[in-house]
Amino acid sequence: MRSRPLVPLTLAAVVAAAGLAGCSSSAEPVQPGVLSVGLAEPGTLLPADVTDPSGRLVTGALWTPLADYDPASGKVTPRAAESISSTDRVTWTVRLRPGTFHDGTPVTAQSYVDTWKAIAGLHWASTPVLTKSLRAKEITAVDAKQLRIVLDRPSNQVPAWLSAPGLVPLPASVLKSRDWNGFARHPIGNGPMRLEGDWQYGSGGKLVRVAPDPGRAKEIMLRVGNPAEQYDDVKEGSLDVATTVPGERHDAMHTDFPDRHAMWALPRSGYLVFPAEATRFADPTVRHAFALGTDRGALESGPLAHQADPAKGLLPPIVAPGERSGTCRPCTFDGPAAKSLLSQAGFSGGASVFYDSFDGTWPQALANGLAKNLGIPVTAQRKANGGKPTGPSALELKAVSPSPSDILHALAEAAGYTDAGFAADLNAAETTASPEESAQLFRIAENEALRDLPAIPVWTGHGHAVWSARVHDAVTTPFAGIDLARLRD
């Protein structure tokens, strides 16, 4: 089974900690065409390595991707590309629209070739999209406005992979210097807004619209700060938009901003994976008992602090094709049924829930809940470095493309799941010519895995934003959240 992207949690690049004039949270006179937006400190502004919502928010305004891809319908909306096409799903042609970087240099097909070559050779968050998903034998610039991509097998997922926000082009200057940290301080994109000056760590920056767009904000002041304080600032009128709503403000959001708030699915989800080495859990009945004994609602209102939803299937909403008819049976909480299944399977003794380097708060709460609901000792335990867990493991995945195949392959790889029916259905979903048939086959492959449960779906992340009465057209996009380029006052 080939591997797919398991995205690492990235740390912020080290940048100069200087204050930015005009980026404090104090009240300022309202300026027509100028909006203020609060956010958390981005992990980085290097687009191929971004995995956090704030980084996506900013880079989503600084860059224009090749296309937008809707997994639910399979629809491709060209953006920087004029078209993405293939007659055999092996050789793909990407035709580009005219484009320019913020430094005035042209965006060409060679810009993408050189950028992707750099990304593929580094260990960035988006690297697996090229090296493990796309796996092209050849990527060439036919001319200034045309790319040719030849795969090592047929796949209909190329438009989804090329829509990954991390695969946007970089200017020749940084590709030559390879000063990635310097570039993250002052990124140069091809999007509708540019960063004026350097990004100021702990303070923020100013986005300026590249070309006039009547009615849209001309400037956006980005202010890094505390989410609770930013929420209150929007209420008081000293901030226009807050892009994070902390758990303690979650319920109040609906009454404080009844028609001025948004929630959207994030490319982040949590699972309990049963590795093949954990032979005590080889019986699917045992795994189903653990699934029914998982109180997702308690996790959502507890350690996840209203920043996630209980999972309804293996595929999170941001990559799910079509619509589920309802919550999957293993995604429901049924304590009595869980105990009964565990007894039927003859399972004895306790269990450990292993977790990796991320915060162990929700795995600890999950273990405590399973102990209570299953009536057996269950503890949370940090994985040993280089060791293989002997029991179920908490896993967080961050999708870096809208392709459902990446998530399903990643879960199968993490569990060592090699069911022939699942593999055949997944392969068929990736190679069929019909988007409608592809969506159906992805759902069939998902249901195959839900039958065997190599991984239990636990939660899917979501984002929040609130805004003042002077803000209009606050719409969200799947990866970037609030579309800063569309805001108007």
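Two strands count as paired here if DSSP finds at least two bridges between them. Strands (E, at least two residues) and helices (H or I, at least four) are DSSP runs, numbered from the N terminus. All views come from a predicted model, in which local features need pLDDT of at least 70 and side-chain atom pairs count only at pLDDT 80 or more, while totals for chains, interfaces and linings use all residues. Residues are numbered from 1 along each chain as its sequence is written, and side-chain values use heavy atoms, with hydrogens and water left out.

**View A. Strands β8 and β9 form a hairpin.** β8 (residues 193-200) and β9 (residues 204-209) run antiparallel, joined by five bridges. Look for Arg194, whose bridge partner in β9 is Val208. Three residues sit between the strands, and Gly202 has a positive phi near 85 degrees.

**View B. Arg209 of strand β9 is buried without a salt bridge.** Buried means under 20% relative accessible area, exposed over 50%, and partly exposed in between (1.4 Å probe, protein chains only). A salt bridge needs a side-chain nitrogen of Lys or Arg within 4 Å of a carboxyl oxygen of Asp or Glu. For Arg209, the nearest side chain of opposite charge is Asp213, 4.0 Å away; Lys and Arg count as positive, Asp and Glu as negative, and His and the chain ends are not counted. What the Arg209 side chain does reach is the backbone oxygen of Ala217, at 2.9 Å. Leaving aside neighbours within four places in sequence, its contacts (heavy atoms within 4.5 Å) include Pro192, Met193, Leu484 and Leu487.

**View C. Strands β2 and β3 make another hairpin.** In a regular strand, side chains alternate between the two faces of the sheet. In β2 (residues 67-70), Ala67 and Tyr69 are on the covered face, with Asp68 and Asp70 on the uncovered one. Four bridges link β2 to the antiparallel β3 (residues 75-78), and Asp68 stands opposite Thr77. Of the four residues between the strands, Gly74 takes a positive phi near 75 degrees.

**View D. Helix α7 has several buried residues.** Within residues 227-236, Ala228, Gln230, Tyr231, Asp233 and Val234 are buried. They pack against β1 (34-39), β10 (219-224), β11 (241-242), α8 (250-256) and β17 (455-467). At the helix start, a side-chain oxygen of Asn226 comes within 2.9 Å of the backbone nitrogen of Ala228. After α7 comes Gly237, with a positive phi near 95 degrees.

Methods:
Polar contact = N/O pair within 3.5 Å; in protein donor to acceptor, adjacent residues only side chain to side chain.
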